[in-house]
There are 2 protein chains.
Amino acid sequence: MADPKHHVVKPYLVTRNLQPENQETPIQFIENDIIHNHIFYRRNHFSYPKLTYSNYFLPINGLVTKPLLLSMQTILQLPSKTVEVVLECSGNNRSLFEPKVFGEQWEKGAISQGIWKGVPLRTLLEFSGITDGAKEVVVEGYDLGKRTDLDKVISYARSLPLEKALHPDTIIAYEYNNQPIPFKHGYPLRLIVPQWYGMASVKWIKQIYVIGSHFTGPYQNIDYMYFPNQENDECAYPVTTMKVNSTIQKPLDMARLNTGKHVIKGIAWTGKGPITKVEISTDSGHTWSNAKLVDSNSSYKWISWSFEWTAEEKGIYTIMAKGTDSHGQTQPMKPFWNRNGYGYNAIDQIMVKVE
Amino acid sequence: MADPKHHVVKPYLVTRNLQPENQETPIQFIENDIIHNHIFYRRNHFSYPKLTYSNYFLPINGLVTKPLLLSMQTILQLPSKTVEVVLECSGNNRSLFEPKVFGEQWEKGAISQGIWKGVPLRTLLEFSGITDGAKEVVVEGYDLGKRTDLDKVISYARSLPLEKALHPDTIIAYEYNNQPIPFKHGYPLRLIVPQWYGMASVKWIKQIYVIGSHFTGPYQNIDYMYFPNQENDECAYPVTTMKVNSTIQKPLDMARLNTGKHVIKGIAWTGKGPITKVEISTDSGHTWSNAKLVDSNSSYKWISWSFEWTAEEKGIYTIMAKGTDSHGQTQPMKPFWNRNGYGYNAIDQIMVKVE
């Protein structure tokens, strides 16, 4: 009667929306640096696509010498590349912007990490060849639907500049954590773009094509643009590389603690890295001390950090975490506000009461 | 390969803490008025108790004529009572208090509802008899542990005044939604106290005893007290009956909508009821209109409501919902602030952008 499995205590995805499905990872409760696909955050623009897998082929066309139509068998036989990567939604922490920004109210969990295996996009483009004048590579997903601001049905599609498309770690992935990619995360093929925010890593790839101009799809020129002004589109620029960032996992925000020793722990990550320093303040930012960094094997992964804190006196404490990367980027006190709420990376902070 | 179950989109519990397990119901995404136990909110003070069910007996003692030790077989043979009940944690919406309150940062989902079947506590007390001078009935759970403010191990225990204990709808439940109560919700026996906040409905009942004084356990005299002052304990009084309240389920807060027709929907509930009116404002509270109430069969349940709204002009709208019950209680604009953050019942409000 007392089945032990009833006692299992585990976190779940945090639902932000179901139409389309947008759920975040319970990041405060993650102890692993490889996220199981069940709690990998889900970020969709549309309802899930309907694919027929039995005759799946990947077309590569546009400004190529030889257009290709690749079977899964062919793709699986090519030399593979495995990358361990943080994927962070550019809307992560959107709920924290002031003034408030409309759209999915992501908190800290629109981020996950794991092991992706596939074939470099570069390998495929070497097979197809690229003709003179090629500028960008567009990857289109099978997911499609209507937007509030356009009248026609739109597919989710994004481009990469040639340089990023040809980077040997930009892959067309077919495995996540040593298993076929779960359907909700892009089965059978998903683009994985290390260092960039997650919108670049197009799921359910329908086709790849090379173009000679700048791609102007709405997920490139309307969404996923930083618009610094509320009232006009001036000074806009595209969302690309992840900013240096960190998250406090423990203690929980607004927790009540005893006096004595506590471990403050969390993660830090950046686009162009690696993370070189995480500083912790337990006095609202007046003084800072270095957290202990746990070695990370890959510069594409987040790094775990911890800090031993002795709370000697009762009272209310504001605890902050500030990451710095090898390019000297440091988290700012205030985020860069932008109209659609992308790229939040202000110093993370929580409050606790010691009693 | 395209297994349809991979496309299922469903909400999960929202994790607030795992030690102890505190997770809330994804209330915005609930369409049913009976909550499946998998997404019934979980509120614990301690880790889960270890019980030996094979020889479970329920003792009833204290100021009784005849102390009892009841087997499950005996309890199951007594005349049963079934009640359909809202259970709301008194900390529901604690995260909304200003100034902020420490403790679990519950949002809107520390509330659930379902069908509880059991034997009236009154029936058991009629068997045991109650001696003169009896004032309260204490129900103690098997869950126990240490608190930050006391040095010894404490069991979770709460008392009811005799009048509430003898109410025919106050039951010792053994079934939830026609199944044995799930372990995490109090198996094998749980007290269910309709109309009161959830802290009264003690799980994993270890014993029941009748006392001649006011019970002073810490879950009665420290926690679950309204302390109106930050600095002192003056004017404190206990948390008991649920206040009139409502929640907007759709649209989601900070959603972006098209112009045109939208259904605003949600739920409303109260301790002493039923709900007689839910009013909606789409202009920040300047004007109010009655929502349509869906009939509820039991005054212990929440009522669903909906309101058809035509958003003709683009812009930002603040939508509010205000419930009123048959005792004339109405949700206030501002919540009654108290130091531990109980009984939040201010008018619910969301913002949407019509574009």
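How many residues of chain A are in contact with how many residues of chain B?

1. The contact count comes to 45 residues of chain A and 45 residues of chain B, where contact means heavy atoms within 4.5 Å. This is a predicted model, in which local features need pLDDT of at least 70 and side-chain atom pairs count only at pLDDT 80 or more, while totals for chains, interfaces and linings use all residues. Residues are numbered from 1 along each chain as its sequence is written, chains are lettered from A and ligands numbered from 1 in the order in which they are written, and side-chain values use heavy atoms, with hydrogens and water left out.

2. About 3,900 Å² is buried between chain A and chain B, and carbon and sulfur atoms give 64% of that area; buried area here is the accessible area (1.4 Å probe) that two parts lose on being put together, summed over both. On the side of chain A, the residues A:Tyr12, A:Phe102 and A:Met254 supply 20% of the area buried against chain B, more than any other three residues.

3. Between chain A and chain B there are 0 salt bridges, a salt bridge being a side-chain nitrogen of Lys or Arg within 4 Å of a carboxyl oxygen of Asp or Glu. Polar contacts do cross the interface, in 10 residue pairs with both residues at pLDDT 80 or more; such a contact is a pair of N or O atoms within 3.5 Å, where within protein one must be able to donate a hydrogen and the other to accept it, and residues adjacent in sequence count only if both atoms are side-chain atoms.

4. Which strands of chain A each supply at least two residues of the side that touches chain B? They are strand E1 (14–18), strand E2 (21–24), strand E17 (255–257) and strand E24 (348–354) of chain A, strands being DSSP runs (E, at least two residues) numbered from the N terminus. The largest share, 5 residues, comes from E1(A). By residue class, this side of chain A divides into 24 nonpolar, 10 polar and 11 charged residues, with Ala, Val, Leu, Ile, Met, Phe, Trp, Tyr, Cys and Pro taken as nonpolar, Asp, Glu, Lys and Arg as charged, and the others, Gly among them, as polar.

5. Over all chains the structure holds 33 salt bridges. One of them joins A:Arg42 to A:Glu21, with the closest N and O atoms 2.7 Å apart, and this pair links distant parts of the chain, since A:Arg42 lies in strand E3 (residues 42–43) and A:Glu21 in strand E2 of chain A, 21 residues apart. A:Glu21 also forms a salt bridge with A:Lys184, at 2.8 Å between the closest N and O atoms; here A:Lys184 sits in the loop between strand E11 (179–180) and strand E12 (190–192) of chain A, 163 residues apart from A:Glu21.

6. Are A:Glu21 and A:Arg42 buried or exposed? Both are buried, a term that means under 20% relative accessible area, with exposed over 50% and partly exposed in between (1.4 Å probe, protein chains only). The relative accessible area is 1% for A:Glu21, and A:Lys184 is likewise buried, at 10%.

7. In chain B, an open sheet of 3 strands has the order E1-E2-E3 with antiparallel pairing, two strands being paired if DSSP finds at least two bridges between them. Strand E1 (14–18) and strand E3 (42–43) of chain B each have a single partner strand, so one side of each is left without a neighbour in the sheet.

Technical notes. Helices (H or I, at least four residues) and strands (E, at least two) are DSSP runs, numbered from the N terminus.
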